[in-house]
Each structure stands twice: as C-alpha cells, then as structure tokens.
Amino acid sequence: LTGFLQASSSFEVKDSSGKACIIADLTVAFSVEYKSNGQKEFAHFFLPQNATVEPQSSCGKGNTSHPLLVLGFGAGHSLSLNFSEYADKYQVGELVFRYNLSDATLFHNSTAGKKKTSSRRMSHKTIIQAYMGTKYRCINSKHVNMKNVNITFSNVTLEAYITNGTWSINKTECAEDMVSTTAVVPTTPKQTTSQVPTTSPATTSPAPTASPPNPAVGKYNVTGPNGTCVLAYMGLQLNITYLKKDDKLGLDLLNFIPHNTTSSGTCDNTSAFLNLTFEKTRVIFHFALNASSEKFFLRGVNVSTTLPSEAKVPKFEASNNSMSELRATVGNSYKCSAEENLQVTDKALVNVFDVQIQVFKIDGDKFGAVEECQLDENNMLIPIIVGAALAGLVLIVLIAYLIGRKRSHAGYQTI
C-alpha cells in the first residue's frame, strides 16, 4: 500500500492494485500551547506542502479495520484521520495529532522537549461527514479543540471509501457553505470567517455564513510583438487563511469581478505573464514553454492583497514558482469545467472555474483544439461506463428472452 502527495496538494491512499481509496485536498492550521521557561507560549503553523502520506495509511479491510489517512511532516509530526461508517454516511471518527516539542523550528525555547499526542474521538455529529458515494466539500473553516491543541480545517475536499479510484461526481456540502435562500449576496463577495480563541475549552462551530457563489467567468488577453500571446477565459477566486490580532484564524474569500478587473502582461518566445488586478488584490500568472515537448504550462503564481484590519499582518504576499499546471500542446487550448485549486502556499489558494486558456501560438483571438483536463475526462467517463453497463444488461435480458421463447416453442409437435 502506497500513498503520495500530488503537486496540487491532493493526498491519496491507494490499495494494492493502485486504485485510490482515499483522496484529500485540504488546508490545516495548528495552534499548540506549550511551556517555555515556565511561561505559556503558542505555536501557530500550517500543514506544509511537502507533507507525505505515511506507510501506516490504509484502505481498511471490511469490518476488521477502517480506512486511515496519516500525514507526516517536519521533525516527527503527524496528523491521522481515522474514518468510519455511520448509517448511510462516512465520517472522520477519530482525529489524532502527534507533535514533537523538541522541534525548535516550531516550538521555540520549549522546555518540555518530548513528543506528545492529542486525540479527539468524534461523535456522529462530527465536523467531517458525508453521504457514501459523495465527496465532502467545505470552503469555510471548521475547528477541533483538543488538550493544548486547536486544529482548523479549511478549503476541504475529501472522500473515503472510494471504489472507482477517483472523485465521485456528487458532493456533500458542509452547512457553513450552503447559501440561504434569503441571504443577500453582496456585489463584491468578500468575507471573513472567524474561529474561537485558542484558549477556549469547548468545541463549537462558527455560525453558518453565506459562501460566495462561483465567480463569474472573465475574458483576459495579453498582446505581444506578434499579436495575442495569452488568451484566457476563467472565473477567479482567492482563498487566504490568516492569523488575526487576537490569535484567531480567519478565512478571506474574494471573487474577482471581470468588469472591475484590469489585465496586463508581457510575453516573449518562451515565457508569458498575465497580471490581473481587482481592487487591492493582484494575481500574476507566469506561463512557460517546454521546448522539448512543445507544451505550455503554468509555472508560477504570485499573489498580493490587503487583508481585513483585524489581521495581524494586513499586507499579504505569496508566490510559488515551481508549479506545472494548466498544461497543453502549443497551438491547442487547455480547458477544464471543474473547479481547480492552485496552491500557492499553505496559506493561499487560487481557485479557477470554467477555465480555457491558450498561450504563445494563437490564431487571431480564437482558441485552438481543446485538450480537456483529467477531472473533466473522469466526469465524462463515468456516464459512459454506466451507459455501457445498462446497454449490456438490456442485451443480456433480450438474449435470455429469445432463448426462453425458443424453448417454449420446442415443446410443441406438429400433427
């Protein structure tokens, strides 16, 4: 049994045949209380991008063991999600966090100097629960309080008990993400959700808040010396987890509104930059050319914005220049109807919706041949498989009927 971390920070546990049985894409923030020279201190950190799926992770075996996802990082730290079934649903039945207080990079001047374990067994009203055969989705923050530890989950897409090796089409949304029919959606959908203080002794969930709808799709382009060099259609959403002045965690979600977004950029024969600015937020996409494979791809994303005044550090900047996303052959366009999450850092995500993009070789202002993303291909494949299975079933019934009819005629003799 093996598991690995993909570039998009999607953790997978696979069975012996290589099929995924657990997939998890999530942001996790930790707040740990510890002693330093007799004084109470707090360490705040996130699950890093280079976390790995540990060997003890498992798909489970019937009634003898449950699916288990163990994520290891740093100097001996690990987070374990133990799944279980409850009626027609699955859930995280137990959450275990093991941490090493001798890790000076996280726990400065710690006087404990030993490993500790905090665990929380969940009830059937667990924070992560979904119907079997659906993926769990929750953008808003949800937290779990343990002894000396607070853990906050945000921007979670997760599924266990997978049978076909990939995400299910249907999803179970958390209550915090569901938009009330009476809710008024602001013109600029930007909001912050707050968590309880790290010293709170009880576990409570934040009050349900209206999540921004999917962003509108905008058309953006960059013109170079030889004409259009970047052509992009996409909805754009920025997702930032940040620390507030009172040591609470906040989630800032911002949808870019196309008619209020300005675009600019530059390009040459091997690289192109698309700069999008909305209000006080800027996102820069850096595309590159792989000359040997004749493919373009997204190499880097740079984000800069101003957080709400309650943030400890109002000015936020993040960048990732080692990406390999949105890849297609030069002359063709990359297209994906499904939501894609581009992880810039542990604290920043850029979510793109209904994206179609082409870089470098563009004929006028028209997209070339389409190369579908893997998510769309999987979603198309499932109905085809179901349709083929139904057609096979109908054929079997028809053959059985014809055989039965022939046998009934064989029982009579001609006089």
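This is a guided tour of a predicted model, stop by stop, for a viewer that is already open.

Residues are numbered from 1 along each chain as its sequence is written, and side-chain values use heavy atoms, with hydrogens and water left out. Because the model is predicted, local features need a pLDDT of at least 70 and side-chain atom pairs count only at pLDDT 80 or more, while totals for chains, interfaces and linings use all residues.

**Colour by confidence**

Begin by colouring the protein chain by pLDDT, which is the predictor's confidence in each residue, from 0 to 100. The chain averages a pLDDT of 81, and 81% of the residues score at least 70. Next select residues 1-8, where pLDDT stays under 50 and the model has 28 contacts beyond four places in sequence, a contact meaning heavy atoms within 4.5 Å. Then select residues 179-210, a stretch where the pLDDT is also below 50 and which has 78 contacts in the model beyond near neighbours in sequence. Where pLDDT is low, the predicted coordinates should not be read in detail.

**Show the cysteines**

A disulfide is taken here as a pair of cysteine sulfur atoms within 2.5 Å, and by this rule the count comes to four. With bonded cysteines counted along the chain, the disulfides follow the pattern 1-2, 3-4, 5-6, 7-8. Three of these links can be visited in turn, with strands (E, at least two residues) and helices (H or I, at least four residues) taken as DSSP runs numbered from the N terminus.

Select Cys-21 and Cys-59, which are joined by a disulfide with an S to S distance of 2.0 Å; the link is left-handed, with -85° about the S-S bond. Cys-21 lies in strand β3 (residues 20-36) and Cys-59 in the loop between β5 (52-53) and β6 (68-73), so the pair ties together parts that are 38 residues apart in sequence. Cys-21 counts as buried, at 7% relative accessibility, where buried means under 20% relative accessible area, exposed means over 50%, and partly exposed lies in between, using a 1.4 Å probe and protein chains only.

Move on to Cys-229 and Cys-267, whose sulfur atoms are 2.0 Å apart in a disulfide that is left-handed, at -95° about the S-S bond. Here strand β17 (residues 227-243) holds Cys-229 and strand β19 (residues 261-267) holds Cys-267, so the pair ties together parts that are 38 residues apart in sequence. Both Cys-229 and Cys-267 are buried.

The next pair to select is Cys-336 and Cys-373, a disulfide with sulfur atoms 2.1 Å apart and a right-handed link of 60° about the S-S bond. It connects Cys-336 in strand β25 (residues 333-336) with Cys-373, in the loop between β28 (370-372) and α1 (374-410), 37 residues away.

**Follow strand β8**

Select residues 89-100, which make up strand β8; 10 of its 12 residues are buried, so β8 is largely enclosed by the rest of the structure. Strand β7 (residues 77-86) pairs with β8 in the antiparallel sense over nine bridges, two strands counting as paired if DSSP finds at least two bridges between them. Within this pairing, Leu-79 stands opposite Phe-97 in β8, and in the hairpin of β7 and β8, which has two residues between the strands, Ala-87 takes a positive phi near 55°. Strand β10 (residues 129-131) also runs antiparallel to β8, joined by three bridges, and Tyr-131 in β10 is the bridge partner of Lys-89.

Stay in β8 and select Gln-91, which is buried with a relative accessible area of 6%. The side chains of Gln-91 and Gln-129 are joined by a polar contact of 3.0 Å; such a contact is a pair of N or O atoms within 3.5 Å, of which, within protein, one must be able to donate a hydrogen and the other to accept it, and residues adjacent in sequence count only if both atoms are side-chain atoms.

**Look into the cores**

A nonpolar core is a set of buried Ala, Val, Leu, Ile, Met, Phe, Trp, Tyr and Cys residues joined through side-chain atoms within 4.5 Å. In the largest one, of 45 residues, Leu-274, Phe-285, Phe-287, Val-301, Tyr-334 and Val-350 touch the most other members, and β17 gives the most to this core, with eight residues. Apart from it lies another core, of 43 residues, among them Leu-26, Phe-45, Phe-83 and Cys-138.

**Finish at Thr-228**

Select Thr-228 in strand β17, which is buried with a relative accessible area of 14%. Its side chain makes a polar contact of 2.9 Å with that of Asp-365.
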